[in-house]
Amino acid sequence: MSSLGELRTLARAARSSGPRVKEKHPDNKAGFLFLLPWLVGILVFTVGPMLASLYLAFTDYNLLQPPTWAGIDNFVRMLGDARLWNSFRVTLVYVFVSVPLQLALALGVAMLLDRGMRGLSFYRSVFYLPSLLGGSVAIAILWRQVFGKEGIVNGFLSWFGIEGPGWIAHPDFALGTIIVLHIWTFGSPMVIFLAGLRQIPDMFYEAAEVDGAGRVRRFFSITLPLLTPIIFFNLVLQVIFAFQSFTQAYIVSGGTGGPSDSTMFFTLYLYKQAFTELNMGYASAMAWFLLLVIGAITGLNFWLSKYWVFYDD
Amino acid sequence: MTSTGSTIEPPTTRAMVGASVDQPDAGIARRRWMSVLKHAGLIALSVVMVYPLIWLVVSSFKPNEKIFSDLSIFTGDLTFENYLHGWTSQQLPFSVFLVNSSILVLGAIVGNLISCSLAAYAFARLRFWGRNAFFAIMLGTIMLPFHVVLVPQFVIFRELGWLETFLPLIVPKFLAADAFFIFLMVQFIRGLPKEIFEAARIDGAGQFRIYSQITLPLMVPALATTAIFTFIWTWGDFFGPLIYLRTRENFPVSIALKGFVDAQSSSDYGAMFAMSVVSLIPLFLAFLIGQRYLIKGFATTGIK
């Protein structure tokens, strides 16, 4: 898989970022012409705004008056903002529960879907479809009803004589329903795992069989090590994206982050600070905090990867 | 679990499955049982995965008072009433929102196809100053949480007078803001045989001609993947319209649906379900038509 090559290059670059031998640049003019839209975009919509928001993070800014310098006030305020830390905790729980569970399920199901098995494309489609729909408002609306007091989850539980709570309205369970929604979209990483499994040459298994390795042994000695780069790739990206989830928490909680802030994701709180309270400076400080956290966890992921990710080169 | 008989068979048995080896019947029967068990599990999981969707569709055809009193998806009492009522329940006819979403989707697709393919060609085929650094930056922007650019971008668009227009949601696409698709296309172009490009150069074709007449036709699968993903993501996009479009005439479907959640007191669940189904139909069609490209595109990039 070529994306793995890319990732390896990144991982290597992270380990040793020495300058490379200078090459000639025969296509300078064409290169920059082709790249022009992207260059303009990156300057106007990414680099410029990043610098601006870094500045705004140290100001008081309500969009109506020009920003006033506030030093580190925003960050001091963040330290004492209980709602912010609650939202951070909610986000961490969401990320660290939903991502591993989703990936584990994706990997498990991918392992079951053998090459050439009967119904393969049917299963793949059925499992994949939710991951395409899962980000939409309609599904979040559906989720509110599925896990509502009279929803189908409680309808199912009632067969066993269990009277379920109104999951969405209960502070202990509301976050759980959003986590379940994330797990429901396991189809996208599953498809990537399937592609990865297809890359493992048959001869490895044949050789192992000759050597007398059983099913379990083959899984732990061949399949799992050879899949670790893909697991790692999925893990890194899913963590990054999970930190930024917004729509589902917004809709499931009716825009409130409730009940009792139990689904107040960090991004939801940031949105409220920026566009409801018009604390644009504070929101920018929060955004930079988010960036640093994601950066740190991604860095940690890369660092940890050398202990468990197997590269055969 | 311990390893079973099959593992200590000599290698030749692989070639003679079905021929008489030690206890073949037991092995085959066991394997068949495993297979049945596996399919049973997968089918059960399929039902769990799809059931909410089926329930949604069936409920959208049920009379309002029956949706929660009878959760069954097998029911004879079906009506089209929810659709008629839901279509006009958000003050403007739902067609307005569908048209708005379609404009956004179309703009985003055209923008992404043009700008991302240009950038991808440069990254994949041209050698110019700073290419590797730019490429690293491009990859970095895929992972960058957009929140760090959110406020300044909003200020820029406000200064430009673009609030309450589709421009903040479309113009960035023409400037290759969706770096993910650049990455996808770069991967694809790199996989094309180099000889094609060398032959074209020898024939004296300029870079733009190689891009437009050779590369683009060859990368149709990557373009299709991009178009379909852009369709699905833009159709479902919630955050962008939420902050840039606040008047009803401008609402795309995603924001219009939010109206059902805001006004839950009315508790017109049938209408809400019906319009949810309407909003999902284009996604479902995109999935049906583009499944092949979606799964391929996924597999080559690994990014949702």
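1. A surface patch here is a group of residues with over 30% relative accessible area and no salt bridge, in which like charges are joined within 9 Å and nonpolar side chains (Val, Leu, Ile, Met, Phe, Trp, Tyr) within 5 Å. Accessible areas come from the Shrake-Rupley method with a 1.4 Å probe, and for residues only the protein chains shown count as cover.

2. The model is predicted: local features need pLDDT of at least 70, side-chain atom pairs count only at pLDDT 80 or more, and totals for chains, interfaces and linings use all residues. Residues are numbered from 1 along each chain as its sequence is written, and side-chain values use heavy atoms, without hydrogens and water.

3. On the surface, A:Leu33, A:Leu36, A:Val40, A:Leu43, A:Val44, A:Val47 and A:Leu51 make up a nonpolar patch with about 610 Å² of accessible area together. A:Leu51 belongs to helix α2 (residues 28–56) of chain A; helices are DSSP runs of H or I, at least four residues, and strands are runs of E, at least two, numbered from the N terminus.

4. Between them, chain A and chain B bury about 9,000 Å², 76% of it on carbon and sulfur atoms; buried area is the accessible area (1.4 Å probe) that two parts lose on being put together, summed over both. In chain A, A:Phe34, A:Trp38 and A:Phe45 lose the most area to chain B, together 10% of what that side buries. The largest share of the side of chain A that touches chain B, 20 residues, comes from α2(A).

5. Zero salt bridges are counted between chain A and chain B, a salt bridge being a side-chain nitrogen of Lys or Arg within 4 Å of a carboxyl oxygen of Asp or Glu.

How values were computed. Chains lettered and ligands numbered in written order.
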